[in-house]
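Hi everyone, thanks for coming. Let me put the model up, and then we'll walk through its pockets and one of its strands.

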Amino acid sequence: MRAGEMRAARGVAPGASSKDPKDRAHTRGSSIRCSHAWASHVCRVCNSQQSAHQHSYQHDGKMTKNAGCTPPIPGADSVAEVQYLRLGGVDQWVMIRGANVGANPILVLLHGGPGISETAYWRYCNSSALEEVYTVVYWDQRGSGKSFDPPNIPEESMTVEQFISDLDELVGVLCKRFNKSAVTLFGHSWGSVLGPLYAARFPDKVQAYVGCGQLGDWTRSEMATYEYALREAERRGWRRAVKKLRRIGPPPHDDAKSLLVQRNALAELDGD
């Protein structure tokens with residue numbers, strides 16, 4: 001992955017300090033408008049002669065967010081773009097990349113958390129292979145990554161039902177645009193909960209589902225993790241970890257800080 005691409009995947013504004021203008025992305029989409037340009041082919045948004053573009057999202061007549069950029073993919077039927085889509089009443093960041101949108105199926109990546117964008121990791125580790133055989137959709141779910149926007153995302157909207165609804169809107173947009181009837185879903189961690197829930201509700205819209213770090217009985221899993229971490233910390237004589245784990249008590253934990261105490265203890269004990 002090139003430096004400019006990695007910066008964009010991490011959510012760094014592309015205009016800040018890219019050494020090579022060629023690393024700036026060509027982006028396109030009905031919900032974005034050009035704010036800057038570099039040089040040498042026709043942009044599908046503004047029909048100008050450009051080789052790379054930086055676009056900002058426009059909503060209610062105001063330039064509100066910079067969606068970032070991503071390097072172009074060679075080929076007449078390729079796509080490489082970033083944009084904000086209005087899903088569930090809020091702006092959510094989406095990057096779409098693929099070598100052949102006509103022939104290849106759509107792959108929607110569902111990250112973990114909720115709240116943990118994995119776009120940079122996926123781009124670094126998997127993109128070169130996946131984007132040759134899929135039209136890959138990298139989506140920062142509401143409240144995550146470039147979709148993090150606390151003033152405009154009601155706390156009460158952060159529900160499983162709303163995430164399922166957001167995903168359904170996204171799938172609808174993608175299928176309509178690329179003339180497909182269904183998508184493939186890949187879910188990691190929390191995404192492995194969202195994916196099966198969506199597939200069970202809308203089976204006709206899902207070609208296949210693949211899970212990584214698949215969650216089954218979430219409640220039982222959390223309890224087993226806590227009990228293991230406490231027991232192992234006691235066995236090793238790790239008094240500080242034991243004290244922290246006993247302080248938060250067994251699951252369920254209703255705040256992220258307590259959950260991270262359990263997660264960090266487990267990671268340290270297992271060397272992960």
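What volume does the second largest pocket have? About 220 Å³. A pocket here is an open set of points on a 1 Å grid over the protein atoms alone, where a 1.4 Å probe fits, with protein on both sides within 12 Å along at least five of seven lines; lining residues have an atom within 4 Å of a point. A volume is the space filled by probe spheres set on the points, joined across faces, edges and corners.

Before going on: this is a predicted model, so local features need pLDDT of at least 70 and side-chain atom pairs 80 or more, while totals for chains, interfaces and linings use all residues. Numbering starts from 1 along each chain, and side-chain values use heavy atoms, without hydrogens and water.

The lining of that second pocket includes Arg 142, Trp 190 and Trp 218.

Now the largest pocket, at about 1,200 Å³. It has 35 lining residues, with Gly 113, Ser 189, Glu 222, Leu 259 and Arg 263 nearest its centre. Helix H7 (256-270) is among the elements giving two or more residues, and H7 contributes the most, 8.

Finally, strand E7, residues 90-98: 9 of its 9 residues are buried, meaning under 20% relative accessible area with a 1.4 Å probe, protein chains only. E7 runs antiparallel to E6, with 9 bridges, and pairs with E9 over 4 bridges, also antiparallel; pairing takes at least two DSSP bridges. Met 95 sits opposite Tyr 138 of E9.

Terms used:
Buried < 20%, exposed > 50% of the residue type's maximum accessible area, 1.4 Å probe, protein only.
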